[in-house]
Amino acid sequence: AYRTYVRYGGGMSSLHVDLIAPLVGVAPLGHATLRSEHVISAGPSFDAVLPDGGLRRGSVVLLEECSVGMTTMVMSLLGGLPERTWAAWVDMRRSLNGIALEEHGVDLEHLLVVRDVPAAMWTRTVSSLLDAMSVVVAELDGHLSVGDARRLVARARERRSVLVVMERGRARWPVEAGVRCRVESMSMTLGMNDAGLGGYSCQVKVSARGVPKVLQLVS
């Protein structure tokens, strides 16, 4: 067993769960509201630049390593998902903040945050989550073989889930991805709210099918 964390609106609770059985069936894939039978909306900003007008079920979205803005970009993406869409985030660096997630509009009652995953169990954990969730964000913080990556691609396709891979540090996704995103720049402004943060502007390059597009996220 290993430790996971489930984030709800009222707070964070920890659970000891078996690696495989309890995760399968936690959130039926049909529970998500879809733009169509094959696409899950990621909100107007992302839908406008994604090649299928949203997140295509069974696909892999790669977020390339960059110095700033990756977590903000993913929170914006999750915040654009339809209400009651089940999602999971493998938070390898324990960088998630519940207040920030809520501010980005993330449905905390339908987000599973998984932490303290041993490197040797990363692939198996992500594969199990793909069985149960509509969208899985997986932080890649270590070496991944081509064979394991291809098995995850096949599992996402089989389960019709969306796998969002975040490259961290020197870790690289070793196979092709249908959509590749990279934060080109990010700026912050100070404000008068309780957090002292007024907003941000984040420019993201989205590449798919040979035609890059630029996405501007503003808050």
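Two strands pair if DSSP finds at least two bridges between them. I also note that helices (H or I, at least four residues) and strands (E, at least two) are DSSP runs, numbered from the N terminus.

**Entry 1. Ground rules.** This is a predicted model, in which local features need pLDDT of at least 70, side-chain atom pairs count only at pLDDT 80 or more, and totals for chains, interfaces and linings use all residues. Residues are numbered from 1 along each chain as its sequence is written, and side-chain values use heavy atoms, with hydrogens and water left out.

**Entry 2. Confidence.** I looked up pLDDT, the predictor's confidence in each residue, from 0 to 100. The protein averages 79, and 76% of the residues score at least 70. Over residues 1-34 the pLDDT stays under 50. For that stretch the model has 91 contacts beyond four places in sequence, a contact being heavy atoms within 4.5 Å.

Entry 3. I started from strand 8, residues 135-140. Six of its six residues are buried, where buried means under 20% relative accessible area, exposed over 50%, and partly exposed in between (1.4 Å probe, protein chains only). In a regular strand the side chains alternate between the two faces of the sheet. I found Val135, Val137 and Glu139 on one side of strand 8, with Val136, Ala138 and Leu140 on the other.

Which strands pair with strand 8? Strand 6 pairs with strand 8 in the parallel sense over four bridges, and Trp89 stands opposite Val137 there. Strand 9 (residues 162-167) also pairs with strand 8 in the parallel sense, over six bridges. Glu139 has Met166 of strand 9 as its bridge partner. From strand 8 the chain crosses through helix 5 (residues 146-159) to strand 9, and this β-α-β crossover is right-handed. Right-handed means that, with the strands pointing away from the viewer, the path from the first strand over the helix to the second runs clockwise.

**Entry 4. Strand 5.** I then followed strand 9 to strand 5; the two run parallel and are joined by four bridges. Leu63 stands opposite Met166 in strand 9. In strand 5 (residues 60-63), Val60 and Leu62 point one way and Val61 and Leu63 the other, and all are buried.

**Entry 5. Two positive phi angles.** Most residues other than glycine have a negative phi. Arg84 has a positive phi of about 70° and lies in the loop between helix 2 (70-79) and strand 6 (87-90). Arg94 has a positive phi of about 55°, and its place is in the loop between strand 6 and helix 3 (98-103). Arg84 counts as partly exposed because its relative accessibility is 41%; Arg94 is partly exposed as well, at 43%.

**Entry 6. Asp47.** Is Asp47 buried or exposed? Asp47 counts as buried because its relative accessibility is 10%. Asp47 lies in helix 1 (residues 44-47). Its side chain makes a polar contact with the side chain of Ser41 at 2.7 Å. A polar contact is a pair of N or O atoms within 3.5 Å; within protein, one must be able to donate a hydrogen and the other to accept it, and residues adjacent in sequence count only if both atoms are side-chain atoms.
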